[in-house]
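Good morning, everyone. Please look at the sequence and the structure together while I talk.

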Amino acid sequence: MIDLHIHTTSSDGSDEPVEILKMAQLSGLSHISITDHDSIGAYEKLRKIKMADYFEGRIIPGCEFSVAHNGKPIEVLGYGIDLEAIHSSGIVSDEKFLERENGYLEKMKAVCRNLGLAYTEKLSISRSKYFASQVMHADLRKYPENEKHFTKEIWESVNAFYRTCINNEGSPFFLNQTKNYPTVQEAAKLIKQAGGKSFLAHLYVYFSDDYDALLNDIISLNALDGIECYHSLHSRERTDFLLNYCKEHKLYASGGSDYHGDFKPNVKLGEITNGAKIPFGILEPWLPMPAPVVI
Ligand SMILES: [Zn+2]
């Protein structure tokens with residue numbers, strides 16, 4: 001069993017990378033990939049320890065890249081990437097991340113002021129790698145008087161806030177984030193140059209009116225190597241649909257829980273919908289990757 005989509009404290013997860021290794025060992029996983037948002041910081045931490053003391057399986061170096069597609073942010077997972085190549089590309093700069101996200105946070109505070117919403121004026125992102133939308137959503141929820149201004153879904157789900165407010169031109173919270181993101185083709189090229197393979201992350205979290213059209217549109221770019229089929233927010237039917245789609249279009253399949261620790265308490269490491277596990281079989285066709293594996 002495998003889990004190729006895991007977040008740590010190097011992005012918006014609550015667990016240190018070494019804790020992930022311990023849990024992966026206990027769960028009996030054979031292959032894992034830590035895929036923090038626009039960060040490979042977890043691998044820098046892991047370099048300092050003897051990983052085999054904690055996890056006997058194989059670690060596939062990975063990263064979840066923020067990418068622009070038709071003016072909306074989506075995510076592309078890169079696996080088997082050479083970490084040095086990714087680092088020197090500048091795409092995973094922590095400094096740039098903090099500068100960008102703190103800029104967004106200031107814009108969101110101005111929106112709150114205009115709308116008369118309660119918020120914490122001194123809010124900022126310092127060491128952690130939470131996105132501005134996550135920090136603002138959590139802050140808005142601290143003030144119960146804000147609740148009446150949002151739909152139940154947006155109030156309760158940061159993903160809904162991100163996809164339908166921050167990324168919606170019709171919302172006062174709209175931020176033109178994608179101007180700072182690479183396109184799908186650029187991200188795929190970068191991943192390829194770093195010796196890795198690129199996968200469309202969790203199709204069904206993008207709040208689309210027509211997922212089939214969105215999928216066809218992205219795949220028709222002929223840029224990605226595969227699709228993340230197994231995911232904690234994909235139903236069994238949708239997973240099967242994507243697995244078949246991969247077969248028909250000669251694409252690789254991947255899968256992961258999208259574990260974030262305490263930040264998403266319902267998501268368990270190594271598990272997807274209804275506690276199901278992700279079979280190693282999907283990884284087999286693309287496992288022999290040219291990039292060196294970090295051990
Ligand atoms: Zn993720």
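Start with Phe207: it is partly exposed, with 15 other C-beta atoms within 10 Å. Keep in mind that this is a predicted model. Phe207 sits in the loop between strand E6 (197-200) and helix H9 (211-219). Now its backbone. Most residues other than glycine have a negative phi. Phe207 is not a glycine, yet its phi is positive, about 50 degrees.

Next, Lys250. Its phi is also positive, about 55 degrees, and Lys250 is not a glycine. Find it in the loop between helix H10 (236-248) and strand E8 (252-256). Is Lys250 buried or exposed? Lys250 has 7 C-beta neighbours inside 10 Å, and a residue with 12 or fewer counts as exposed, so Lys250 is exposed.

Now the domains. Domain 1 covers 2-91 + 183-286, and domain 2 covers 94-178. How far apart are their centres? Taken over C-alpha atoms, the centres of domain 1 and domain 2 are 25 Å apart. The two domains touch: 14 residues from domain 1 and 12 residues from domain 2 take part in the contact. On the domain 1 side, the residues that touch domain 2 are 5 nonpolar, 6 polar and 3 charged.

Last, a sheet. This one is open, with 3 strands in the order E1-E2-E3 and parallel pairing. Strand E1 (2-6) and strand E3 (58-59) are the edges, each pairing on one side only. E1 pairs with strand E2 (residues 31-34) in the parallel sense, over 3 bridges. Look for Ile2: it stands opposite His31 in E2.

Methods:
Residues numbered from 1 in each chain as written. Predicted model: local features only at pLDDT ≥ 70, side-chain atom pairs only at ≥ 80, totals over all residues. Pairing = 2+ DSSP bridges. Helix = DSSP H or I, 4+ residues; strand = E, 2+ residues; numbered from the N terminus. Domains from an automatic or database assignment. Contact = placed C-beta atoms within 7 Å. Nonpolar A, V, L, I, M, F, W, Y, C, P; charged D, E, K, R; others polar. Buried ≥ 20, exposed ≤ 12 C-beta atoms within 10 Å, placed from the backbone.
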